[in-house]
Structures are given as structure tokens and as C-alpha cells.
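Open the model in your viewer and follow the stops below. Each one says what to select and what is there.

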Amino acid sequence: MSGFCMSENVDDLKVAAKDKTLFKKTVKTATLLMVFEILWNIRKGKKKCKECFSEKTFRGMRKFKGLIKKLLKKKTDIEKRKKLFLKAPSSFRKVIRRILSEYIKDCTVKQD
């Protein structure tokens, strides 16, 4: 899943998070794959992720462990994963918004 953390994808992710278009059908596939990559890195427990994300985020990820596992399954078609992502419950959406806000705040470099 690497290769999606390029600058234009991060910019698209910021726009999608700001405009709240992440859970709409018009979300770009590259943006969705970027969200999946962030989830994958957090789930694998990378040391740097532990420093950037709060304990509340990790509790939310544990709560939706099964859904996240289904979203990150590479054998499943991206369109099916997208449909599953768009039909996620509102509490999962809150967790994703929290993850993205912490990611944008702590893990990206601000460009002037």
C-alpha cells in the first residue's frame, strides 16, 4: 500500500477532510487509498504512529477492528471496499475524522 503518500495525495486528503467530502461517492480513489494506508500503518503499530496519535484514537481503532480489517484486505476489489467505507456507521466516521485531523496536525509538514 505504499506509494500513496505523495504531496498531491496529501493535499487531496486535506481538501477532502476540510470539505467533508471523504464519505461521499465523489471521493477520489487515491484519497481513499491514502486513508487506508494511514489505517494500515496505525494498525501495524509503527513506533512513530504511537507518538502522533492519541490513546482515544487507538481505542476507536480497536472498537472497529473487524471493519478496518475488511477495508484493508487487498484481495477485495477497491470498489467493494469503497462501498463498505461509505456505508460505515457514524461512530466509525468520527474515528476516521479524528485520525485524519491528528495526521494532518502531527504528521504532515506545513508548506508556506
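Is Phe-85 buried or exposed? Select Phe-85: this residue is buried, with a relative accessible area of 0%. Keep in mind that the model is predicted.

**Next stop: the aromatic pairs**

The ring-pair count comes to 4. Show Phe-23 beside Phe-85. Their ring centres are 4.8 Å apart and their planes meet at 15°, under the 30 degrees cut-off, so the pair is stacked. This pair links distant parts of the chain. Phe-23 sits in the loop between α1 (7–19) and α2 (29–43), while Phe-85 belongs to helix α6 (residues 78–86), and the two are 62 residues apart. Phe-23 is buried too, with a relative accessible area of 12%.

Finish the set: select Phe-23, Phe-36, Phe-64, Phe-85 and Phe-92, which ring pairs link into a cluster.

**Next stop: the nonpolar core**

The largest nonpolar core has 33 residues. Select Leu-22, Ile-38, Leu-39, Phe-53, Phe-85, Phe-92 and Ile-96, the members that touch the most others. Colour by helix. At least two core residues come from each of α1, α2, α3 (47–52), α4 (55–63), α5 (65–71), α6 and α7 (90–106). The largest share, 8 residues, is from α2.

**Last stop: Leu-22**

What is Leu-22 in contact with, leaving aside neighbours within four places in sequence? Its contacts are Ala-16, Val-27, Thr-31, Val-35, Phe-85, Leu-86, Ile-96 and Leu-100.

Definitions and conventions:
Residues are numbered from 1 along each chain as its sequence is written. This is a predicted model: local features need pLDDT of at least 70, side-chain atom pairs count only at pLDDT 80 or more; totals for chains, interfaces and linings use all residues. Side-chain values use heavy atoms; hydrogens and water are left out. Rings of Phe, Tyr and Trp (its six-membered ring) pair if their centres lie within 6.5 Å; planes under 30 degrees apart count as stacked, over 60 as edge-to-face and the rest as tilted. Helices (H or I, at least four residues) and strands (E, at least two) are DSSP runs, numbered from the N terminus. Buried means under 20% relative accessible area, exposed over 50%, partly exposed in between (1.4 Å probe, protein chains only). A nonpolar core is a set of buried Ala, Val, Leu, Ile, Met, Phe, Trp, Tyr and Cys residues joined through side-chain atoms within 4.5 Å. Contact means heavy atoms within 4.5 Å.
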